[in-house]
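Here are some notes to read alongside the model, arranged as numbered points.

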Amino acid sequence: MIRSKWLWAGLFIIPAVELFGFIYVADQLGAFKTLLLMLTTSVIGLLMMRFEGKKVLQDSRTHMQEGRVPGRTMLDGLCIFFGGLLLILPGFVTDIVGFTLVFPLTRPLYRIFLLKWIEKKMKNGTFTFYRR
């Protein structure tokens, strides 16, 4: 029940904030430059996601070849994946969050949040993981 309330709130609030941001930036720069800026941030973000994703995959392979569990790199991969999804969505707010998820210097902030969330879910028993 709580999850669906957050989902509905997100479905209405995020587009409203994005529309407000688009109108504000278009008022400052003009409509054409705003559209060009949105397209440019999406392309740069996708290129960053591709580069960082390859780096995380290589790190994961290295960890597994050394017999270590690639826990941190798996969380980095999740951050890069969700950051890439946000960068694909049109809008400036989602681009900012997406860039911070993909950018390696800000990613540890999200990793700490994810680790605490996973730990809480495991303690509650609502997080299930499968072993092969």
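1. Let me begin with Thr41, which touches Leu87, Asp95 and Phe99, not counting residues up to four places away in sequence; contact here means heavy atoms within 4.5 Å. Thr41 has its place in helix α2, helices being DSSP runs of H or I with at least four residues, numbered from the N terminus. Thr41 is buried, at a relative accessible area of 16%. For the terms: buried means under 20% relative accessible area, exposed over 50%, and partly exposed in between, with a 1.4 Å probe and protein chains only. The side chain of Thr41 also reaches the backbone oxygen of Met38 at 2.9 Å.

2. A word on the ground rules. This is a predicted model, in which local features need pLDDT of at least 70 and side-chain atom pairs count only at pLDDT 80 or more, while totals for chains, interfaces and linings use all residues. Residues are numbered from 1 along each chain as its sequence is written, and side-chain values use heavy atoms, with hydrogens and water left out.

3. Ser42 is found in helix α2, residues 31-65, and is buried with a relative accessible area of 14%. A polar atom of the Ser42 side chain lies 3.2 Å from the backbone oxygen of Leu87.

4. What do the buried residues of α3 pack against? Their partners are α2, α4 (92-102) and α5. The buried residues of α3 are Thr73, Leu75, Asp76, Cys79, Ile80, Gly83, Gly84 and Leu87. With 18 residues, α3 reaches 26 Å from its first C-alpha to its last, close to the 26 Å expected at 1.5 Å a residue; the expected span is 1.5 Å times one less than the number of residues.

5. Next, the largest nonpolar core, which is made up of 5 residues: Leu75, Cys79, Leu101, Leu114 and Ile118. Such a core is a set of buried Ala, Val, Leu, Ile, Met, Phe, Trp, Tyr and Cys residues joined through side-chain atoms within 4.5 Å. The elements giving two or more residues to this core are α3 (71-88) and α5 (107-124). Leaving aside neighbours within four places in sequence, Cys79 is in contact with Leu101, Arg107, Tyr110 and Leu114.

6. How many aromatic pairs are there? The count comes to 2, where rings of Phe, Tyr and Trp (its six-membered ring) pair if their centres lie within 6.5 Å, and planes under 30 degrees apart count as stacked, over 60 as edge-to-face and the rest as tilted. Trp8 and Phe12 are stacked, at 6.1 Å centre to centre and 20 degrees between the planes. The pair Phe81 and Phe82 is edge-to-face because the planes are at 70 degrees, with ring centres 5.3 Å apart. Phe81 is partly exposed at 47% relative accessible area, and Phe82 is partly exposed at 43%.

7. Finally, the record: an unreviewed UniProt entry places the feature "transmembrane region" at residues 7-25, 31-49, 69-90 and 96-114. These positions follow the numbering used here, and such annotations may be inferred rather than shown by experiment. In the model, residues 7-25 are 100% helix and 0% strand, with the end C-alpha atoms 27 Å apart. Residues 31-49 are likewise 100% helix and 0% strand, and their end C-alpha atoms are 27 Å apart.

Notes:
Polar contact = N/O pair within 3.5 Å; in protein donor to acceptor, adjacent residues only side chain to side chain.
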